[in-house]
Amino acid sequence: MMMLQDFHDVTIELLTVLQDQTIVERDERIDRIMQLLDQREELLSQIQPPFSAEELQLGRQSMRLNQQVDQLLLLQKQEIQRDIKELNQKKKTSNKYTNPYENLSTDGMFYDKKK
């Protein structure tokens, strides 16, 4: 029962961190999320049957919370991907301004035969 309760508590804490918009520094938030995911993985490997009725109920609650965690992690991933895409676009645009003739095609060269 103890491992399952700890797993449930860590899942609630992870859900709280994912929902918390006050953590401005993304790196801190990601580090905390990774710590909690590692804790959950360790606890999950230690949970063994047989389960009592209370443990089954706690397990069901943990599964519902886990679905919310999955959705929030997906949103976090999409946000990071969007930021990376924007950053790459800015780099590409900035590079065009610094070297505008970099991608010129030399395909249509014209030679004047008259002398």
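Trainee: Why does Gln76 count as buried?

Mentor: Its relative accessibility is 9%, and buried means under 20% relative accessible area, with a 1.4 Å probe and protein chains only, so Gln76 counts as buried. Keep in mind that this is a predicted model, where local features need pLDDT of at least 70, side-chain atom pairs count only at pLDDT 80 or more, and totals for chains, interfaces and linings use all residues. Residues are numbered from 1 along each chain as its sequence is written, and side-chain values use heavy atoms, leaving out hydrogens and water.

Trainee: Where is Gln76, and what is it in contact with?

Mentor: Gln76 sits in helix 3 (residues 53-98); helices here are DSSP runs of H or I, at least four residues, numbered from the N terminus. Leaving aside neighbours within four places in sequence, Gln76 is in contact (heavy atoms within 4.5 Å) with Arg26 and Arg29.

Trainee: What makes helix 1 roughly antiparallel to helix 2?

Mentor: The axes of helix 1 (residues 2-19) and helix 2 (residues 26-46) cross at roughly 160 degrees and come within 9 Å. Angles run from 0 to 180 degrees between N-to-C directions, and over 145 counts as roughly antiparallel, so helix 1 is roughly antiparallel to helix 2.

Trainee: Which classes of residue make that contact between helix 1 and helix 2?

Mentor: There are 11 nonpolar, four polar and five charged residues. Among them are Phe7 and Leu14 of helix 1, and Ile33 and Leu37 of helix 2.

Trainee: At what angle do helix 2 and helix 3 pack?

Mentor: About 145 degrees, with the axes 13 Å apart. Gln76 of helix 3 takes part in that contact, as do Arg26 and Arg29 of helix 2.

Note on methods:
Helix = DSSP H or I, 4+ residues; strand = E, 2+ residues; numbered from the N terminus. Parallel < 35°, antiparallel > 145°, perpendicular 65-115°, else oblique. Nonpolar A, V, L, I, M, F, W, Y, C, P; charged D, E, K, R; others polar. Buried < 20%, exposed > 50% of the residue type's maximum accessible area, 1.4 Å probe, protein only.
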